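Hello,

Here is the structure for you to look at. Open it first, then read my notes below.

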Amino acid sequence: LLSYGCMIGALKKKKLLPQLRKPKLEEVKGLLDFTGPLLAITLTRLAGFLAMQKSAIKLGVTHLATYQLCLNVVIFFLLFGEPLSQLSQTKLPALLKREEDGKDKEIGVQVAATFKSILVLAVYAAIGVGGVAFGSVAFGSGLFSSDVAVQSLARSASPAVFMSVFSAVMAVAVDGA
């Protein structure tokens, strides 16, 4: 809250704070056009997480603890894939716009080279980040749980953690494109 207050104060001081008003209908429609697909994706992910958690609950406390440990590790390491999505979202549209405008004859080569670079980076990042996630679950589960059964189950789940992180980092990189 303190940070929020400081930001509001700085905006007021520089006279950049906009006046609050009720949004117009066309503004709301524009926002919904943008957020509608994101809402669908978010709700689908939430439903998937809930279904997985319900399944883990049915297996017992040890399995639920292992699921929570592995899921938290996966979610933490997924954050490292976001810069690849942002890279795709910032570099490729500018190149594609130039191609549509006919401003550059060799733009197709630049698009292919940029996409190739992003994919190569994504593969290396996915292997590296997935490997660290694998290692943290396989060898560091004792840092998260003192229960030997949870640690054993976590070690057996570490290949699935690697594949989850690997595929998610790749998907995020391509999703940005």
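**The pocket**

Helix α7 gives the largest share of the lining of the largest pocket, 10 residues. This is a predicted model: local features need pLDDT of at least 70, side-chain atom pairs count only at pLDDT 80 or more, and totals for chains, interfaces and linings use all residues. Residues are numbered from 1 along each chain as its sequence is written, and side-chain values use heavy atoms, with hydrogens and water left out.

The largest pocket has a volume of about 950 Å³. Of its 31 lining residues, Phe49, Val74, Ile75, Leu78 and Ala168 are the closest to its centre. Helices α2 (25-59), α3 (61-78), α4 (82-101) and α7 (148-176) each give two or more residues to the lining. A helix is a DSSP run (H or I, at least four residues), numbered from the N terminus. A pocket is an open set of points on a 1 Å grid over the protein atoms alone, where a 1.4 Å probe fits, with protein on both sides within 12 Å along at least five of seven lines; lining residues have an atom within 4 Å of a point. Its volume is the space filled by probe spheres set on the points, which are joined across faces, edges and corners.

**The salt bridge**

The whole structure holds one salt bridge. Arg21 and Glu27 form it through their side chains (2.9 Å, N to O). The term means a side-chain nitrogen of Lys or Arg within 4 Å of a carboxyl oxygen of Asp or Glu. Arg21 is exposed, at 53% relative accessibility. Glu27 is partly exposed, at 35%. Exposed means over 50% relative accessible area, buried under 20%, and partly exposed in between (1.4 Å probe, protein chains only).

Best wishes
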